[in-house]
Amino acid sequence: MLVEVVDNYETLSDRAAEVVIQQIREKPDSTLGFATGGTPKGLYNRLIEAHEESGLDFSKLTTFNLDEYVGLPPEHEQSYARYMWSNLFNHVNVTESQVHIPHGMAEDVDSHCQWYERRIEEAGGIDLQILGVGANGHIAFNEPGSSLGSRTRIKTLASKTVKDNARYFEDQDMVPEYAITMGVGTIMEADEVLLLASGERKAEAMKKTLEGHITAMTPASMVQMHRFAHIVIDEEAASELDYQHHHGIVEPKDE
């Protein structure tokens with residue numbers, strides 16, 4: 001586990017962009033896993049800049065998103081499909097047929113989830129999976145209590161997650177209570193995971209993720225088992241850690 005603590009959100013976004021850009025340059029036909037939410041927005045802005053200013057090529061990539069709300073069509077302003085297109089895909093030269101986002105309006109959700117798993121397999125698996133972490137320690141929509149071997153499936157969202165997501169919706173009653181999500185087992189099969197966390201709100205979750213027991217009650221703690229997990233967090237998100245991590249070197253805090 002390579003843990004880097006950086007000064008602030010801007011530096012975190014810079015560092016995350018370096019990792020993703022290097023992956024695309026070294027393997028232009030990479031399969032990338034994308035995440036939504038507030039944390040990766042800075043990363044996506046920098047990827048757009050790299051495309052516009054230095055011609056970073058997205059055309060050969062295959063992409064898979066972690067999750068999508070059930071009951072929201074792709075064009076809904078709060079859907080994760082809409083988020084990805086407005087925050088990244090519309091601004092770079094992705095090949096639309098190679099972009100995969102779970103479909104919130106799928107008639108047969110179980111079949112759709114199985115299809116999604118098959119598509120990841122057919123693509124040769126995910127080379128680099130970008131992850132955020134919820135304040136309750138969830139990754140994707142694998143809420144506390146999720147099986148650590150789980151595959152893509154429908155999940156009921158925890159009340160805390162529904163409450164956290166309510167800030168994005170004008171009408172509180174419209175906040176979805178279900179989502180399609182890649183499973184913890186699916187995520188763990190990626191060759192590399194890049195987990196990003198920023199802000200004091202994530203400090204407790206990061207302490208449990210990096211220093212706590214590996215437990216279904218903190219699904220993100222599974223990164224401790226990953227063969228190559230790269231964690232980039234800012235000072236605030238690292239504020240509860242017992243150890244000071246910097247560029248993969250773990251040093252006890254000064255007494």
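In this predicted model, D242 is partly exposed, its relative accessible area being 46%. The side chain of D242 meets that of K207 in a salt bridge, with an N to O distance of 3.0 Å. This pair links distant parts of the chain, since D242 belongs to the loop between β10 and β11 (243-246) and K207 to helix α7, 35 residues apart. K207 is likewise partly exposed, with a relative accessible area of 26%. A network of salt bridges with shared partners joins E4, R15 and E18.

Helix α7 (residues 203-211) also holds both K208 and E204, which are four residues apart, about one turn of the helix. These two residues form a salt bridge in which the closest N and O atoms are 3.4 Å apart. K208 is partly exposed at 42% relative accessibility, whereas E204 is exposed at 51%.

In total, 15 salt bridges are counted. One of them is formed by E117 and R151, with the closest N and O atoms 3.0 Å apart. E117 is in helix α4 (residues 109-122) and R151 in the loop between β6 (128-131) and β7 (153-156), so this pair ties together parts that are 34 residues apart in sequence. E117 is buried because its relative accessibility, 14%, is under 20%.

Seven strands make up an open sheet with parallel pairing, in the order β1-β10-β9-β6-β2-β3-β5. Its edge strands, β1 (2-6) and β5 (99-100), each pair on one side only. Within the sheet, five bridges join the parallel strands β9 (residues 192-197) and β10 (residues 229-234), and A197 stands opposite I233 in β10.

On the surface, E77, E170, D171 and D173 gather in a patch of negative charge.

How values were computed:
Residues numbered from 1 in each chain as written. Predicted model: local features only at pLDDT ≥ 70, side-chain atom pairs only at ≥ 80, totals over all residues. Heavy atoms only, no water. Patch = residues over 30% accessible without salt bridge, like charges linked within 9 Å, V, L, I, M, F, W, Y side chains within 5 Å. Areas by Shrake-Rupley, 256 points an atom, 1.4 Å probe, with all protein chains shown as cover. Salt bridge = Lys/Arg side-chain N within 4 Å of Asp/Glu carboxyl O. Lys, Arg positive; Asp, Glu negative; His and termini not counted. Charge placed at Lys NZ, Arg CZ, Asp CG, Glu CD. Pairing = 2+ DSSP bridges. Helix = DSSP H or I, 4+ residues; strand = E, 2+ residues; numbered from the N terminus. Buried < 20%, exposed > 50% of the residue type's maximum accessible area, 1.4 Å probe, protein only.
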